[in-house]
Amino acid sequence: MSDLTDLGVAAIRDGVRDGAFSAHEVAEAFNANVAKAKGLNAFIIDTPEHALAAADQADRDRAEGKLKPLSGVPLGIKDLFATKGYQTTAGSSMLGGFEPVYESTVSRHLFGAGAGMLGKLNMDEFAMGSSNETSAYGNVISPWRRSDGGNAALTPGGSSGGSAAAVAARLAPGVTGTDTGGSIRQPAAFVGITGIKPTYGRCSRYGMVAFASSLDQAGPMARDVRDCAILLQAMAGYDPKDSTSLQLDVPAWEASLSSDIRGKRIGIPKEYRIEGVPEEIDRVWEQGIAWMRDAGAEIVEVSLPHTRYALPTYYIIAPAEASSNLARYDGVKYGRREMPDKGGLADMYQATRAAGFGAEVKRRIMIGTYVLSAGFYDAYFNQAQKVRALIARDFEQVWQHCDYLLTPTAPSAAFAIGEKMADPIAMYLNDVFAVPASLAGLPAMSVPAGLNDQGLPLGLQIIGRAFDEQGVLNAGLAFEERAGFTARPESWW
Amino acid sequence: MSVDTATVRHIAKLARIAVSDGEVEALVPELNNILGWIEQLQEVDVTGVEPMTAVIPNQLRMRADVVTDGDRRDAVLKNAPLAEHGFFAVPKVIE
C-alpha cells in the first residue's frame, strides 16, 4: 500500500469508508510524520491521543454503519481556535498554558463530523504577521528550499504558517487556517497548497482568538480544491454565538463541484499590475489567464480603482480593532500576569502587557490606540472606514462585468527567514493582493500555479462575489485541472 | 501627522503597555514610518461616502430574553492567574 500520508482528505474519507485501510492506521501514520518533523516547528503542541481516539471511534462507527462526513480524517488545528482542554496560545506567550474550558464552533463542527486533531499549529502571534516570525513559540520553517543550492531557511508565510507547512510536508491532510488580511491565502501560495477564505460570516468566530473582528474569518487549507470544499462544508454554518454569523444554510459545495466554467467571465484587474513585482509573478499570472481561457472562460480587463489604498486602510482598521480586542489581556481573567514589587493594579496591567506581547503586537496595539484616540479618530479611523466602503463599492461595480477575478496571491515567492523582519512595511506589502477581498468580506482562494526558477511554488488567487464560494471553488477546480501542480518538497526534516 | 517621544509615552499609557526610555526612542521612528505611509489615505475623496459599518449586510438579531448560561464559577476562574474565595484576585485598589 502506498504511504497513507500521501492521501488527501477525500481519499482518506473514501478509503476508510471502503475498508481499504483503517482510520487507526491513518492516524498512526500522520502522528508519526508529526513526531518526525520537529525541525519544521509547525506544531506548538502535538495531540496524537486526540487523533487516535477519533480514529478508533471512526473505525467503530464504520462497523456500525454510522460514518460521519470526516470520519477517519485527522486534521491540524491552528492555535487560534479554542480547543477544550488543550492549550490555546494564538502564538503568544500571553496565553502560555491557557486551556480553554470551551470549544470553538469551528473545531466543534469538525470534531462533530468525525475528524480528529493531530495538534495545534504554530502561527504568528495573534495572527499578526506574514512570515510566522512573530510567534512566541519560534519560527516555522517551510519544507521548501530553493533549488539553486542556497540552503536558506524559508518562511512558510503567515499568519497560518504552521498550517501551511503541515499540509505541504504531509504532516496533515488538511488544516484550519484563519484569514484577516491574507493569512490563509499567502501561506498557501508560499508552500504550494490550496486555501480558501469564505465570505465573512460563513464560519463562526466563536472561540477564535480575536484579532480584527470585522475581518477575521476561518477557512480550510488542504492539498486541493475538493478537500477544501469538504472541510469548508464541515466548518461553516450559522451560529447564534457569533452576532455576525450568516443565517444561511451551508451549500453542498463538494457535491456541486464542477470544473465547467464555459461562458464565465473572469476579470483581470489592471490595478493589480503593480510596480516592483518580480517578472515571474506576471509570467505565472499570464499562464493562469491562458488556462482559464482554455477552460472556456471569457477574459475581461476590469478596474478596481481604489486598490492601492487597501493596504493602508487595512493597517488602520485592523490595528484599531486589535487594540480594542487585545485590551482583554490584563493579567486578571486568564493568561499571564506580571506583578512588579509594590505595584498597584495599573502597574500590573502595564507590566503584564509589556512582558506578554511581542514587538509586532505592541506596535499594532499602539498604532490602533493612536488612530482611535481623541483628535485623530476622524482623520484616521473614520477616513479608513469610508475608503473601505469605496473599496467594497469597487467590487460591487466590477461584478457587473465579470463573475470572478483572477490575480496573483502574493507579490513574491517565499522569502528567507529574517529577510523582511526589519522593515514592517515591506512585510505588510506581502498582503497587497489579499487585503482588498478581506476588506470587502469576499470569498477568495489561492491555488498553486507552478514553480519559479528557484523551484518555489507560486499561487494565484480567485475572488468571487459574496456567498459564491461555489463559483470560486469551481473556477479553482478548472484552474487546478489545467495547472496539474504535483510538485512537493523533498524531505530534509 | 507624526509622533514624538511624549506622544509615544502617552499612547503606551493609554494602551497600558510599560515602555522603557530605549523602547520609546525606537518606537518614535517606527510608528512615524507607518503613520507616514497610511497618511496617503487623506488624498482619497470621500465626499458623501458613509463609513462602512458592516462588511456583509446582516441584520443584528435579538435573542429571547431568557437565562441560557451561568452557574459555572469554577470554569470561569480556571485560567485566572490568581483567584481567591471564588473571585478574581487583583492588587489592592482601595486604601
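**View 1. Helices H1(B) and H2(B) are roughly perpendicular to each other, because angles of 65 to 115 degrees count as roughly perpendicular.** The model is predicted, so local features need pLDDT of at least 70 and side-chain atom pairs count only at pLDDT 80 or more, while totals for chains, interfaces and linings use all residues. Residues are numbered from 1 along each chain as written, chains are lettered from A in the order in which they are written, and side-chain values use heavy atoms, leaving out hydrogens and water. The axes of H1 (residues 5-14) and H2 (residues 21-38) of chain B come within 9 Å and cross at roughly 105 degrees. Such axes are lines fitted to C-alpha atoms, for helices over the stretch in contact, with angles running from 0 to 180 degrees between N-to-C directions. Helices here are DSSP runs (H or I, at least four residues) and strands are too (E, at least two), numbered from the N terminus. From H1(B), look for Thr5(B), Val8(B) and Arg9(B), which meet Asp21(B), Val24(B), Glu25(B), Leu27(B), Val28(B) and Leu31(B) of H2(B); contact means heavy atoms within 4.5 Å. By class, this contact has 5 nonpolar, 1 polar and 3 charged residues. Ala, Val, Leu, Ile, Met, Phe, Trp, Tyr, Cys and Pro count as nonpolar, Asp, Glu, Lys and Arg as charged, and the others, Gly among them, as polar.

**View 2. H11(A) packs against H1(B) at an angle of about 100 degrees, with their axes 9 Å apart.** This pair is therefore roughly perpendicular as well. Met366(A), Thr369(A) and Tyr370(A) of H11(A) make the contact with Thr7(B), Val8(B), Ile11(B), Ala12(B) and Leu14(B) of H1(B). Its residues divide into 6 nonpolar, 2 polar and no charged.

**View 3. The contact between chain A and chain B takes 72 residues from chain A and 50 residues from chain B.** Together the chains bury about 5200 Å², 70% of it on carbon and sulfur atoms; buried area is the accessible area (1.4 Å probe) that two parts lose on being put together, summed over both. There are 3 salt bridges between the chains, each being a side-chain nitrogen of Lys or Arg within 4 Å of a carboxyl oxygen of Asp or Glu. Glu99(A) forms a salt bridge with Lys78(B), the closest N and O atoms being 3.7 Å apart. On the side of chain A that touches chain B, H12(A) gives the most, with 12 residues. That side divides into 39 nonpolar, 20 polar and 13 charged residues.

**View 4. A cis peptide bond joins Gly158(A) and Ser159(A), with omega about 10 degrees.** Ser159(A) sits in the loop between strand S3 (116-121) and helix H5 (161-168) of chain A.

**View 5. Lys342(A) has a positive phi, near 60 degrees, in a residue other than glycine.** You will find Lys342(A) in the loop between H9 and H10 of chain A.

Definitions and conventions:
Parallel < 35°, antiparallel > 145°, perpendicular 65-115°, else oblique.
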